[in-house]
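Please take me on a walk through this structure, one selection at a time. I have the viewer open and would like to know what to click on next.

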Amino acid sequence: MRIELEHLTKIFPGRGRRNRSEVTAVSDVTLTIPDGMLVGLLGPSGCGKSTALNMISGLLAPTSGKIYFGDKNVTDLPPEDRGVGMVFQNYALYPHMTIEQNIRFPLENLKGDQKLTAQQMKERVEEAARTVDILNLLERKPSELSGGQQQRAAIARALVKLPKVLLLDEPLSNLDARLRLQTREEIRRIQQQTGITTVFVTHDQDEAMSISDRIVVMKEGTIQQTETPQKVYDDPANQFVAQFLGTPPINLFKGQVRDRILYIAEQPVLHTGELPDQEVVVGVRPEGFVLREDGAMKNEMIREEVSGRDTSILSRNPAAFSPIVRSILSNKEELLIPETVAAFDLNPRKTFLFSTEDGNRIRTELTVPSKEEDREDRHEGSKDERKEVRKEERKAEREFALAQEDIKKAREHTREAIRAEEKAEEGQGDQG
Ligand SMILES: Nc1ncnc2c1ncn2[C@@H]1O[C@H](COP(=O)(O)OP(=O)(O)O)[C@@H](O)[C@H]1O
Ligand SMILES: [Mg+2]
């Protein structure tokens, strides 16, 4: 079932005598959720996610705007007539009922031609329980289930009426870390198996990234960006989105554009393409720093940090928004960790410019300045030819690095061989 939100707005009136100011929880939200998709509604606490979801379910009436399920305008339909299944953060199972009774509950009050026989209800309950993999737990009480199992039971209860839309509001927040990972995989599997259009609300960017076909990033009641998770990460619409997604978070710097060169702390780091001179905010993903002896950005080294499979370098830059610049090394094999100065080239695909005024993305083609500016200027060839030359240069650099690596290895080999020989000689000396 395709869902369409048209200029959806929810304003809560001010409550009480002292707090009269109204709250615009959702502001002019227009969004299409294609049939069969899992969409993650992502944003910080209080940005209007639950309010938006509750309007889709029918629990809340919008102040203005329309909601369509397929071609049908459902804006004024009560929740029970919309064909939605809902799961909330707290499992909300009835504690005195068995899991089977809990899952069957929504079927018991069906009226008219929707009414089911006892046998039909039993089949439906078992089907839903099988989908979420709790068929063997039907006789138990909720208190006899783990948090993850309880949440799966809640999902079974939401699925039992065969809804066309599944709405999940922070369904994993009450689970511990390991169960959270497991249950989110489970939700993904259930969604793919049933093909049911699903809206998944979370404030956890990692969760949204891992589970969603599309992410809708919200801030203060408005949509900031709607894209696939990868695209939102690789191509953020603004500073808020760039900062909200990614662990460790993006590094921000004060920057200046002068004569189409981007400066950070007066160091020229990238070429900017056609762009007027201005102050900018520069965002660099942790994996966007390329450690090089002659790197363009020279930071004060703090220390190296190894965690799991990643090696990070923590450094300091006077133009950085935060006291620590965190970079994750991709080319650590080739390099010695610096002691005092950490010099980096910036990967232009991992570097974004934002307006200092409204945080919006400033789109321009960022490129790495050639190491030998003069030669490039003197080169008379076409742009393509120059590109080719640069490609060759990079290849040569890479080969040089590899060759150095080989030499290093060979030296180590030799040293080891010498050591082994010496040992052997010592041994012979002892004997003789
Ligand atoms: N019933 C309500 N009455 C008044 N204000 C509300 C009500 N529900 C939510 N709000 C306000 O609307 C904003 C969005 O809330 P909510 O949708 O719950 O955010 P989220 O789910 O993203 O954390 C918040 O500022 C919240 O305080
Ligand atoms: Mg909420």
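In what order do the strands of the open sheet of six run? Keep in mind as you look that this is a predicted model. Select the strands one after another and you can follow the order 6-7-8-3-9-10, with mixed pairing.

**The edges.** Now highlight strand 6 (84-87) and strand 10 (222-227), which stand at the edges of the sheet. Each has a single partner strand, so one side of each is left without a neighbour in the sheet. Show the whole sheet again: on average, its neighbouring strands are turned by 15 degrees against each other, direction ignored.

**Inside the sheet.** Next, pick strand 3 (residues 38-42) together with strand 9 (residues 214-219). These two pair in the parallel sense over four bridges.

**The ligand.** Finally, centre on ligand 1. Which residues surround ligand 1? Select F12, V23, A25, G43, S45, G46, C47, G48, K49, S50 and T51. Two elements give two or more residues to this shell: strand 2 (23-33) and helix 1 (49-57). The largest share, three residues, comes from helix 1. Colour the shell by class and you will find four nonpolar, six polar and one charged residues.

Definitions and conventions: Residues are numbered from 1 along each chain as its sequence is written. Chains are lettered from A and ligands numbered from 1 in the order in which they are written. This is a predicted model: local features need pLDDT of at least 70, side-chain atom pairs count only at pLDDT 80 or more; totals for chains, interfaces and linings use all residues. A residue is near a molecule or strand if its C-beta atom, placed from the backbone, lies within 6 Å of it. Ala, Val, Leu, Ile, Met, Phe, Trp, Tyr, Cys and Pro count as nonpolar, Asp, Glu, Lys and Arg as charged, and the others, Gly among them, as polar. Two strands pair if DSSP finds at least two bridges between them. Axes are lines fitted to C-alpha atoms, for helices over the stretch in contact, and angles run from 0 to 180 degrees between N-to-C directions.
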